[in-house]
Amino acid sequence: MAMAASSNSLLLKNPSHPSNGYSFKNSTTKIIFPSHNNYFSNPTRSNKPFSITCATQVQDRSTTNSTPQSQDRVFNFAAGPATLPENVLKKAESELYNWRGCGMSVMEMSHRGKDFVSIIEKAESDLRTLLNISSDYDVLFLQGGATTQFAAIPLNLCNPNDSVDYVVTGSWGDKAFKEAQKYCKPNVIWSGKSEKYTKIPSFDDLEQNPDAKYLHICANETIHGVEFKNYPTPKNRDGILIADMSSNFCSKPVDVSKFGIIYAGAQKNVGPSGVTIVIIRKDLIGNAQGITPVMLDYKIHADNKSLYNTPPCYGIYVCGLVFEDLLNQGGLEEVEKKNMKKAEILYNAIDGSGGFYRCPVDKSVRSLMNVPFTLEKSELEAEFIKEATKEKMVQLKGHRSVGGMRASIYNAMPLAGVEKLVAFMKDFQARHA
């Protein structure tokens, strides 16, 4: 696929091209910046901004990461609600007015009618296939975001005086702990707050309560970019591991059997905001505290197959389209490979910048989904975001609690989007270092 570069434009070459570099062109000069890290040690400087476009050659249009970005769409690096696969959006668009000849939109269907029941059942079936979820677990499609589960979990699993353990590796783990204080006796057995949430502890060093009903972790901290690469084991023989997987759900294979509960807000990786997915071992259902609101009781939702009240029907439908797309890509093993490649390209650019860009997270636990970074010259951060936005790369501003920048590169972020960001970062450094 050939593209002609306009004046002052960057043509990002096919990464498989032998030169493996970025070619910047304008009307008077042609400068080749190699894609390896030596570029940063001796950048070619220019005060003239470049307009950056991507021309990555398409090898296989059936997979999300190789589908070219439409000219009228931006590369959306938002942490959530986040980018969705273009082919999923187009499929939803084609079925919006009249879903598969039934004469109405999914948004108009009775949630108890056969059409929607077929939608939610297929979504559950495909998710079970993706994560190899056994019949020992129920899959629930709920509402209220992962934040609602901060209360639902202790209400369903604990009595008021029960002890539970929390490993706090970021803001979301901290919020989960604070909410649990209302319904049981949670203990923070490790916190990364003193080191600004840049690490994950050695599991051998965790001083777990041997009587704790459960051990809670946040598998990927969206704000701080810290991700568990493996998982601790509860010390209590009857204890269970619980994980908030909101921002890395379905980004890689997970052994569900290691967990009692996995929960996730859909708006990061698998759908629009409004859907919360809970995967819960069946033997944990049915012991809710008497004060538990009916809408937080897992037994109510499990007995009614997520249809106790009107669920977020359209959101569940889109999640189902995403699950189908992930299966078509070859499953989560193939998806993880693509995510690792994208993350490697971006982290290499940061680490190879000679300090111009910095990621504070310990390298061993850096997230594949959320990449926070700062500029050595913090006064340039606003200009970085402004120029990136002009180049159709949006939502790169870091969370208000930590500042800096954050690039969320979920499943649906094409490789071309990360390549374009890295090319922009190199050009920005050349002009401002």
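Asp138 stands opposite Ile280 of strand β14, and this pair belongs to the antiparallel pairing of strand β6 (residues 137-142) with β14, which extends over 6 bridges; strands are DSSP runs of E with at least two residues, helices are runs of H or I with at least four, both numbered from the N terminus, and two strands pair if DSSP finds at least two bridges between them. The model is predicted, so that local features need pLDDT of at least 70 and side-chain atom pairs count only at pLDDT 80 or more, while totals for chains, interfaces and linings use all residues. Residues are numbered from 1 along each chain as its sequence is written, and side-chain values use heavy atoms, without hydrogens and water.

Strand β13 (residues 261-265) also runs antiparallel to β14, joined to it by 5 bridges, with Ile262 as the bridge partner of Ile279. Because 5 of the 6 residues of β14 (residues 276-281) are buried, this strand is largely enclosed by the rest of the structure; buried means under 20% relative accessible area with a 1.4 Å probe, counting protein chains only.

These strands belong to an open sheet of 7 strands with mixed pairing, in the order β6-β14-β13-β12-β9-β7-β8. Since β6 and β8 (185-191) stand at the edges with a single partner strand each, one side of each is left without a neighbour in the sheet.

Strand β7 (residues 163-168) runs parallel to strand β9 (residues 214-218), joined by 2 bridges, and Asp165 stands opposite Leu215 in β9. Helix α5 (residues 171-180) packs on the sheet, touching β7, β8, β9 and β12 (240-244), where contact means heavy atoms within 4.5 Å.

Conventions. Buried means under 20% relative accessible area, exposed over 50%, partly exposed in between (1.4 Å probe, protein chains only). Axes are lines fitted to C-alpha atoms, for helices over the stretch in contact, and angles run from 0 to 180 degrees between N-to-C directions.
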